[in-house]
Amino acid sequence: MSDELEGEKSAVANDGSARVRALITQYASADPRSLGLFRVALGILLFLDAARRYPDIEAHYANTGWLPNHFMLFRPMSDYLFSLYLTCSTPGQVKVLLAVQLVVDVLLIVGFRTRTMHVIAAVLLASLNCRNIMLENGGWVVLTLLTVWTMFLPLGRRFSVDALLRSLREKKQLTLDELNAPLERDAKPVLSFAVLALLLQWIGIYAFNVLQKNGAPWRDGTAVYYALHQHSMLTRLGSWLGSSLSLSGIRLLTYGALGIEASVAVLLIFPVKTRFTRMVAWFLVCILHLSIAAVLHLGTFSWSMVIMFVALIPREVWDALAARVRTRRPERLLLVDGTSRLAIAVCRVIKRFDLLNKIRFKQAEGDDVGRFVVVDPSSERRTRGLNGLSSLAQALPFGRATVAWLRLPGLSGLAKKAIRRAERKPEQYADYFELAPLSLRDEAWQESPAREFFRHAWCRMGEGAVLVLLACCGSQLLMENQVVPAWLKPSKRPVWMTAVVVYPRLFQGWSMFAPAPPLDDVAVVVDGRTKDGRHFDPLTGREPSFDVSARAQHSRNCEWYYFDRHLNEERFKPYLGGVRDFLKNHHEITGRPQDQLVAFDVWSVSEAIALPGAPKPRAVKSKVLSYGFVRD
């Protein structure tokens with residue numbers, strides 16, 4: 001009888017363990033190939049976000065602009081503020097640091113020292129954002145969250161320089177038979193609380209955005225109409241749609257956006273067939289956010305929301321994609337001098353890129369010894385040099401696109417010259433790269449016990465840090481969102497938790513166009529007088545116009561939209577002196593001395609948005625600051 005009870009207890013325990021493992025697999029695991037592809041997408045987005053700030057360095061990020069670093073340090077806009085960009089005063093210094101940030105983002109894209117570059121990229125991103133938080137927007141916050149949460153994931157395990165070097169170090173193939181044997185790829189799932197945190201973060205974003213869109217425009221279906229009349233934020237397509245869509249079309253888009261946001265939150269948390277439901281959610285997110293990006297300048301917001309799902313691509317998708325691509329790629333035979341150190345080293349690298357196992361290596365004979373010769377087995381066609389490399393690339397997943405950059409003018413000549421020199425002097429190249437003799441077979445690389453201990457300890461510390469960050473962001477989520485009942489909001493929390501959230505700007509208030517989109521359109525107008533008597537607005541480069549919709553420029557980004565909307569707020573009044581100095585010296589930035597202002601008035605112009613068919617209301621002007629006397 002006791003044996004039966006012990007058996008039942010063991011069965012219950014095993015069943016409980018199986019359920020826990022299933023939950024972990026569902027909500028806290030990711031495929032390393034998905035994380036590798038996500039790293040590339042994240043790095044590109046970080047690069048583009050930094051690069052698009054370049055034109056605004058003089059205005060927003062250097063002492064030539066309206067917020068000099070010495071005043072920012074004297075009177076910071078927020079507690080817990082840190083920015084490496086505050087060490088830079090001149091536009092040249094800012095550009096140097098921005099160039100460093102771009103280089104770090106490129107290294108993150110290719111996956112060189114991935115974890116280190118990821119941490120540096122996160123610090124530089126937060127620094128760039130904290131340099132001028134009056135321009136802070138949802139795109140900044142979401143990209144920062146995406147960068148910070150994934151900092152705890154091994155994004156360099158696949159499709160990276162790190163993975164290539166690790167494979168070359170750990171797997172030695174010094175003969176043609178070893179090169180032709182299948183190469184074991186890293187496909188072990190990643191288990192981490194960071195995956196769960198990323199999932200919870202996106203569920204929170206969509207869920208609270210839907211719950212807090214409870215204003216009248218969302219209920220009556222006109223919210224999209226108001227969004228499409230924020231002229232300083234619109235693209236050309238957005239301007240056209242705002243004036244062309246019927247009221248029924250507007251309502252369809254409004255309720256459709258709400259429906260998609262609610263569906264995404266449900267699909268992400270749905271406990272059954274999670275791999276399928278997440279891909280459906282990704283499809284809906286692409287429809288929603290790529291449509292938004294087409295009509296509104298929201299910086300990195302839409303793209304950040306989309307690329308997160310790359311990290312959730314399941315293993316089955318990769319396997320199915322590999323099987324489909326494998327049938328479309330031809331086989332190739334590379335003739336190799338098996339006694340050449342350089343030839344074997346090159347083949348080892350090629351083997352790492354041959355994800356579909358379509359390339360075979362064969363001993364070269366006769367005149368082919370020492371040459372780079374590629375054979376098409378189906379037609380027996382032989383190609384050499386750069387043409388041979390292009391033929392070999394056809395067997396790779398991305399085909400000839402892999403080496404298309406070598407066909408660019410200038411690079412093609414260098415590539416051909418390098419291949420010819422390697423064919424003539426392989427031993428000289430082998431000595432240059434310090435390649436060991438093929439007869440000297442090193443022992444298989446093994447991780448030392450000390451290294452293994454510290455690696456496991458570091459991983460545990462990382463997982464602990466994720467849990468702490470989850471607690472901090474969870475409390476911030478409860479505090480910032482209005483739909484959370486008062487009894488659920490923390491009355492107080494430790495100062496260090498506030499610092500953890502605020503320093504990197506990990507805010508959790510999800511109310512994009514909620515409870516209602518702005519019901520007015522706002523612009524900052526500078527009514528200036530130049531020294532030759534002309535009326536001139538340096539922010540537009542034209543004569544001042546108080547017609548907000550006509551004044552809007554399609555080329556302006558979302559940072560300028562938030563500058564216009566926030567400038568007249570009480571909290572930014574202390575910084576108006578910097579705005580005055582910026583406008584006084586604007587001609588020095590543009591290099592147009594004839595546009596020097598001797599007097600100007602800065603106005604915040606608000607224009608209520610009228611529904612279709614209603615008369616256009618009169619704009620309301622509010623003077624922000626003055627310098628001198630502007631004569632009519």
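## Strand β3 and residue R332

R332 belongs to strand β3, which spans residues 332-336; strands (E, at least two residues) and helices (H or I, at least four) are DSSP runs numbered from the N terminus. The model is a predicted one, in which local features need pLDDT of at least 70 and side-chain atom pairs count only at pLDDT 80 or more, whereas totals for chains, interfaces and linings use all residues. Residues are numbered from 1 along each chain as its sequence is written, and side-chain values use heavy atoms, with hydrogens and water left out.

With a relative accessible area of 4%, R332 is buried; buried means under 20% relative accessible area, exposed over 50%, and partly exposed in between (1.4 Å probe, protein chains only). The side chains of R332 and S391 are joined by a polar contact of 2.9 Å. Such a contact is a pair of N or O atoms within 3.5 Å; within protein, one must be able to donate a hydrogen and the other to accept it, and residues adjacent in sequence count only if both atoms are side-chain atoms. Neighbours within four places in sequence aside, the residues in contact with R332 (heavy atoms within 4.5 Å) include K358, R360, V374, D376, S391 and Q394.

Three bridges link β3 to β5 in an antiparallel arrangement, and L333 has V375 of β5 as its bridge partner. Two strands count as paired if DSSP finds at least two bridges between them. Strand β5 (residues 373-376) is covered on both faces: V373 and V375 are buried on one side, V374 and D376 on the other.

β5 also pairs with strand β6 (residues 381-384), in the antiparallel sense and over four bridges; here D376 stands opposite R381. The hairpin of β5 and β6 has four residues between the strands, and E380 takes a positive phi near 60 degrees.

## The open sheet

A further set of four strands forms an open sheet in the order β8-β7-β9-β10, with antiparallel pairing. Its edge strands, β8 (535-536) and β10 (620-627), each pair on one side only. Strand β7 (residues 520-530) and strand β9 (residues 597-608) run antiparallel and are joined by 11 bridges, with D520 opposite A608 in β9.

## Helix α15

Helix α15 (residues 274-295) comprises 22 residues and reaches 32 Å from its first C-alpha to its last, close to the 32 Å expected at 1.5 Å a residue; the expected span is 1.5 Å times one less than the number of residues. Its buried residues are T274, T277, R278, A281, L284, V285, L288, H289, I292 and V295. They cover an arc of only 125 degrees around the axis and therefore lie on the same side of α15; the arc is that of the directions from the helix axis to the C-beta atoms.

F276 and F283, on the other side of α15, are exposed. I287, also found in helix α15, counts as partly exposed at 37% relative accessibility. The C-alpha atoms of I287 and S127 are separated by 32 Å, the two residues being 160 apart along the chain.

## Nonpolar cores

The largest nonpolar core has 131 residues, of which W66, M77, W202, V264, F309, L567 and V602 touch the most other members. Helix α10 (residues 193-211) contributes the largest share of this core, 10 residues. A nonpolar core is a set of buried Ala, Val, Leu, Ile, Met, Phe, Trp, Tyr and Cys residues joined through side-chain atoms within 4.5 Å.

Residues up to four places away in sequence not counted, W202 touches V142, L146, L268, S304, M305, M308 and F309.
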